[in-house]
Amino acid sequence: MTTLSRRHLIHLATVASATGVLAACSSGTAARSRASGASGVAAGKDAGSSGLTIGMSYTPNVQFAPFYMAAHQGRYAESVTLRHHGAQEGLFDALLAGTEQLVVAGADEAVVAASGGAGLVVVGGYYQAYPGCVIVPEDSQISSLADLAGRTVGLPGRFGENWFALQVALDSAGLSESDLEVQEIGYTQQAALVTGKVDAIVGFSNNDAVQISLAGTPVRTLAVAEEVPLVGASLVTTPEVLGARREELAAAVAASVSGMESFVADPDGAVEATKAYVSDLVDADQAANARAVAVATAELVAPAGSSTSTGSVSDEQVAAMIAFLDDHDLLTGAAPSLRSVCDPLV
């Protein structure tokens, strides 16, 4: 694959794909919306044209519980609305169209999209640890990243956060892509790993690893690096919204951070808050599964032993990420400047 075609794929995937940074759990949960239309859920009273809409990729899920909790606790202004994207909607489509003013999305994917010309700015953090990891069966002979040499590794495709994570893993192991076989398997990681189609998969520690284990196949995860030079789920806006509504955005980011803190402290409360959006959680088994995802997600939001503040994002993190993405030819155009894509409000 040439550099140009790979860049084109990444551009399509990050700007126009229907997949989001926070993939919905594969438990088959049926989502229900408390509002008509495109999955909009009001945090307070109905938001008018001057309201602020926070977009969340993909379907309602406990991984978004910090935002549900902030809404339930009345942390947001009455004009704030939570909105889940439609199945065929791109990650940044609504934000760039002006129908959302803030979106929960990977900072790395935002930077890639920005390098292709999209006006995007990271204004708050969510995950303080990167979710992408290598997942192997518990009894696998793969015990380190170096053991991937000569093995088959599955991932959705050569785009997005799974692909970025694999690049980090290869660097950590001193390997190149030619040292292993990469299979593009779509979002079928669980089936591919369980059936032995691949030796390992790249997935998310709080989603794929949890779901495969809950389905009856014990797995182990391998961190892609001791310090991952990528920033995952964050709060992203546009320069236009930031310039015109900075105080309003700052308040929404602060409220979201308070929801993150509640989420980390109370996984049972997170499940309860999510029940208003995911009807399947009335089932005890589904609720238990959601709790396991909440606990794993909390480890990303507030990693044990980390000195970073909940909801924070730093210039240093984003600068290192831009350099990594640029060095590994993962950008779709020229590397954006730090100041153009990072302006933390907390």
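1. Eleven of the 14 residues of helix α5 are buried, so the helix is largely enclosed by the rest of the structure. Buried here stands for under 20% relative accessible area. The model is a predicted one.

2. Which residues of α5 are buried? They are Gly-160, Glu-161, Asn-162, Trp-163, Phe-164, Ala-165, Leu-166, Gln-167, Val-168, Ala-169 and Leu-170. The list includes Glu-161 along with Trp-163 and Phe-164.

3. On geometry, α5 spans 20 Å between its first and last C-alpha for 14 residues, close to the 20 Å expected at 1.5 Å a residue. After the helix comes Gly-174, with a positive phi near 70 degrees.

4. The sheet is open and has five strands, in the order β8-β7-β9-β6-β10, with mixed pairing. At its edges are β8 (181–184) and β10 (219–223), each of which pairs on one side only. From one strand to the next, the twist averages 35 degrees.

5. How does α5 sit relative to this sheet, and which strands does the helix touch? Helix α5 (residues 160–173) packs on the sheet and touches β6 (132–137), β7, β8 and β9 (200–204). The direction of α5 makes about 120 degrees with that of β9.

6. Strands β7 (residues 152–155) and β8 run parallel and are joined by four bridges. For Gly-154, the bridge partner in β8 is Gln-183. Both of these strands are among those touched by α5.

Terms used
Residues are numbered from 1 along each chain as its sequence is written. This is a predicted model: local features need pLDDT of at least 70, side-chain atom pairs count only at pLDDT 80 or more; totals for chains, interfaces and linings use all residues. Side-chain values use heavy atoms; hydrogens and water are left out. Two strands pair if DSSP finds at least two bridges between them. Helices (H or I, at least four residues) and strands (E, at least two) are DSSP runs, numbered from the N terminus. Axes are lines fitted to C-alpha atoms, for helices over the stretch in contact, and angles run from 0 to 180 degrees between N-to-C directions. Contact means heavy atoms within 4.5 Å. The expected span of a helix is 1.5 Å times one less than its number of residues. Buried means under 20% relative accessible area, exposed over 50%, partly exposed in between (1.4 Å probe, protein chains only).
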